[in-house]
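Notebook open, structure loaded. I'm jotting down what I look up as I go.

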Amino acid sequence: MKRNRVYLPEHPEFPFGAGVDALQRLMAILESSFDGIFITDQQATPLWCNRSYEVISGLTARDVLGIPMVDLVKRGVISKSATIMALDQGQAVTLEQTFTTGKRAVVTSTPIYDKKDEICMVVTNVRDVSELIALQETLDTQRALSARYEREIDLIREQLLQTPQMVAEDPATLNLLRIVGRAAQLDTVVLIQGETGAGKERIASYIHQRSPRARKNFIRVNCGAIPENLAESELFGYERGAFTGANREGKAGLFEVADQGTIFLDEVGELSLAIQTKLLRVLQEREITRVGGSKPIKVDVRVIAATHRDLQKCVQEGTFREDLFYRLSVFPVYVPPLRERKRDITKLAQNVIDELNHNYENKKTISAGAEAVLLQYDWPGNVRELRNVMERAFIMSDGEEILAEDLAIMDNGNLHTPHSISPTYGVDPVPVHQPEQTSSAPVLPEEGLQAQMEKFEATLIGQALEAEGSVRGAARRLKMDPATLLRRKKKYESAGLL
């Protein structure tokens, strides 16, 4: 007997006895198989198949039994025959098979040998892999989509190298830029929503810079800063003699100035209902009428609007036109607050310091302790508040390194040191200037603020080292130079703090 060959058993022992009853039991076993079973003779002519084969292939026994496999392949009933290959090679063959029904399966054909070492039949196991193939196709599609997104994000990163004022280290920010980058190529109206100070104007500028209108004007309008009685003339202009004090020659409005370019209407929710009506006409008709004029003037302007308000709520309250809301909401985007894109914080803070270093010829850096405090704070004022904090810290710091105690956060008109913020958000910071102590006043530490901050920094370094298991890993986690971390580690070890 040859190795790896399957032979007919010489002394078959069947647990259910012999005769017709035993044969019926054997057939029941074959029919109960979840896999399809397909049997041919030594000439590759199908003899029998079970019900599972019919279900998996979509064919019926009548479609295949008695018809040579060569003919089934020629007719396209099956794509190729593992049975024929098994007979030619004298060994088991596995391949993927497609049926005329469109279904697919993995089949394994095994030749069965008799006592004379001759093939007497071929048994084929047929396994349904339709779901696996569908899952594989879905996985391939998702991988291709993921690769495309990665290419887009890489392109965004390359573009951002040319625009240092835009920071996008956090995945949430990168995804936002990927989305608005697509909208930039079209002239669709974009509504940017988000908290005050989150960077809505930067996103609007980013859209303009990547649009076909990038070489034309980008006009910024703070709708909340224009007095209501001047809003119409500022936005749409006026004709000569339109009102007392008007320019003799008249004046072009901001929409006319933005012609061929982009106009950014910041805080659009602050416009009065009357101005909203005129803005709706501009969006629908692409024309304006100056105050005191009667002749419409065509304008070709891309409109980007922004607001920190809930415009849907304003619509319900009757302070914002519903039709204008839907006209502005063609492509709405949301700028996440700084607390939801933590990875941007350190880079944003460093950018402020770099700018101040350049302006005042300094070389200040941010300490690991200060970075840790920045990451713990909730930033209700977002990027605008972060910039104010870093400017104050730049002024307050004595050396070339900004420490945690140099930071100060404004809260209800009072400065607070964020070093007192615990890792749990929402804990009220302790004021820098304490009132006169009473019996309930907190006791200040005797060793002083610097010593307290060193203990805090040592704790952070110790936790990072324990979590990462290496200096490089800890430095990466704390976003600091490995050499600096190693130096401070030795310092705190010698001081008994680590």
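Where is Glu 267 found? I find Glu 267 in the loop between strand S11 (262-266) and helix H11 (273-285). My helices (H or I, at least four residues) and strands (E, at least two) are DSSP runs, numbered from the N terminus.

Ground rules before going on. This is a predicted model, where local features need pLDDT of at least 70 and side-chain atom pairs count only at pLDDT 80 or more, while totals for chains, interfaces and linings use all residues. Residues are numbered from 1 along each chain as its sequence is written, and side-chain values use heavy atoms, with hydrogens and water left out.

**Glu 267**

I looked for a charge partner. Glu 267 is buried yet has no salt bridge, and Lys 200, the nearest side chain of opposite charge, is 4.4 Å away. Buried is under 20% relative accessible area, exposed over 50%, partly exposed in between (1.4 Å probe, protein chains only). A salt bridge needs a side-chain nitrogen of Lys or Arg within 4 Å of a carboxyl oxygen of Asp or Glu. For charge, Lys and Arg count as positive and Asp and Glu as negative; His and the chain ends are not counted. Leaving aside neighbours within four places in sequence, the contacts of Glu 267 (heavy atoms within 4.5 Å) include Lys 200, Asn 222, Ala 306 and His 308.

**Salt bridges**

How many salt bridges are there by this rule? I get 24.

I then followed Arg 213. Arg 213 pairs with Asp 187, closest N and O atoms 2.7 Å apart. Arg 213 sits in the loop between helix H8 (200-209) and strand S8 (218-222), and Asp 187 in the loop between helix H7 (171-184) and strand S7 (190-193), so the pair ties together parts 26 residues apart in sequence. Arg 213 is buried at 7% relative accessible area, whereas Asp 187 is partly exposed at 36%.

Asp 300 also bridges to Arg 213, with the closest N and O atoms 2.6 Å apart. Asp 300 lies in the loop between strand S13 (297-298) and strand S14 (302-307), so this pair ties together parts 87 residues apart in sequence. Asp 300 is partly exposed, at 28% relative accessibility. Shared partners join Asp 187, Arg 213, Arg 286 and Asp 300 into one network of salt bridges.

Last one: Arg 5 bridges to Asp 117, closest N and O atoms 3.7 Å apart. The two are 112 residues apart, with Arg 5 in the segment before strand S1 (6-7) and Asp 117 in the loop between strand S5 (104-113) and strand S6 (119-128). Arg 5 is partly exposed at 28%, and Asp 117 is partly exposed at 30%.
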